[in-house]
Amino acid sequence: MLRFAGQNFEPLPSGALYWHARQTLLVADLHFEKMASFARRGQLLPPYDTGMTLSRLEADLRRTGAKSLISLGDTFHRADASSLLTLADRIRLDAIVENVECTWLSGNHDPAPHTIGGHFSAELELDGLTLAHEPQKGKPGLVAGHLHPAARIAMSGRTARSACFVHDNRVLILPAYGSSTGALNILSPAFFGLLNWPSVEVTMLGRDRTYPVSTRRLVRG
């Protein structure tokens, strides 16, 4: 379990965070239709990322039995990307919206509401927490995404790198959930000054589980 700002969460190896008290699944940076957006600019990449992300999301909703879903922004890779959904993917997304209460927060890639049903908001206040897309230094109880955090650790002469959850009990940043998203090392400049480093806790994603790791094992790269 991951304890943050007085609340208990279950970090999933997919990158989702399950809030048991609210039966709510939190995800960040799905970036639906990213490959389709690239294709519009002439970069012909396999357009399977949305289907893969939907499969991950469907599995997490089944596993947790979540009654609601909150996406912390950048649900789609661009503002009009919901119009690029294939019929099959649109049917799957519609089924999710019909079966659980969905809230879509605005992100820098998708600041305006999508035509996909559910609720849309810039940010959300729940049980003393603020749910938003972009993290802010020192804002108590802030749960966000945007930075796509990852950690690289060194141990016994070997290194391993994976997306991760990171928090200092004031700001919690979720890893990117989308299948076509990258990840940024939490030792990179984008994270400088954002977290109170002596209080930082890191939970890395593994194949079948998540792993808390000591900040003393973190390395760059």
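A search of the whole structure turns up two aromatic pairs. Rings of Phe, Tyr and Trp (its six-membered ring) pair if their centres lie within 6.5 Å; planes under 30 degrees apart count as stacked, over 60 as edge-to-face and the rest as tilted.

Before the pairs, some ground rules. This is a predicted model, where local features need pLDDT of at least 70, side-chain atom pairs count only at pLDDT 80 or more, and totals for chains, interfaces and linings use all residues. Residues are numbered from 1 along each chain as its sequence is written, and side-chain values use heavy atoms, with hydrogens and water left out.

Now the pairs. F9 and W19 make a tilted one, with 5.3 Å centre to centre and 50 degrees between the planes. F9 sits in strand 2 (residues 7–11) and W19 in strand 3 (residues 17–19), so the pair ties together parts that are ten residues apart in sequence. Helices (H or I, at least four residues) and strands (E, at least two) are DSSP runs, numbered from the N terminus. Both F9 and W19 are buried. Buried means under 20% relative accessible area, exposed over 50%, and partly exposed in between (1.4 Å probe, protein chains only).

R22 lies over the face of W19, 5.8 Å from the ring centre. The rule here: NZ of Lys or CZ of Arg is within 6 Å of the ring centre and within 35 degrees of the ring normal. R56 does likewise over Y177, at 5.7 Å from the ring centre.

Seven strands form an open sheet in the order 1-2-3-4-5-6-7, with mixed pairing. Two strands pair if DSSP finds at least two bridges between them. Strand 1 (2–4) and strand 7 (119–121) are the edge strands, each pairing on one side only. Neighbouring strands are turned by 25 degrees against each other on average, direction ignored. Axes are lines fitted to C-alpha atoms, for helices over the stretch in contact, and angles run from 0 to 180 degrees between N-to-C directions.

Strand 3 and strand 4 pair in the antiparallel sense over three bridges. W19 stands opposite T24 in strand 4. Helix 2 packs on this sheet. Which strands does helix 2 touch? Strand 2, strand 3, strand 4 and strand 5, and its direction makes about 150 degrees with that of strand 4. Contact means heavy atoms within 4.5 Å.

Does the length of helix 2 agree with expectation or disagree? It agrees: at 1.5 Å a residue, the 16 residues of helix 2 (residues 49–64) should span 22 Å, and the end C-alpha atoms are 23 Å apart. That expected span is 1.5 Å times one less than the number of residues. The buried residues of helix 2 include L54, L57 and L61. Just after helix 2, G65 takes a positive phi of about 70 degrees.

On to strand 5 and strand 6. They run parallel, joined by four bridges. S68 stands opposite E101 in strand 6. Strand 6 (residues 101–105) is mostly covered, with four of its five residues buried. S71 is in strand 5 (residues 68–71). S71 is buried, at a relative accessible area of 0%. Leaving aside neighbours within four places in sequence, S71 contacts V27, L30, T103, W104 and L105.

Another serine, S82, lies in the loop between strand 5 and helix 3 (87–99). S82 counts as buried at 10% relative accessibility. Beyond four places in sequence, the contacts of S82 include F76, R90 and H114.

Most residues other than glycine have a negative phi. Q23 is not a glycine, yet has a positive phi of about 50 degrees. Q23 sits in the loop between strand 3 and strand 4, partly exposed at 36%. N169 has a positive phi of about 70 degrees, again without being a glycine. N169 lies in the loop between strand 12 (158–167) and strand 13 (171–173), partly exposed at 41% relative accessibility.
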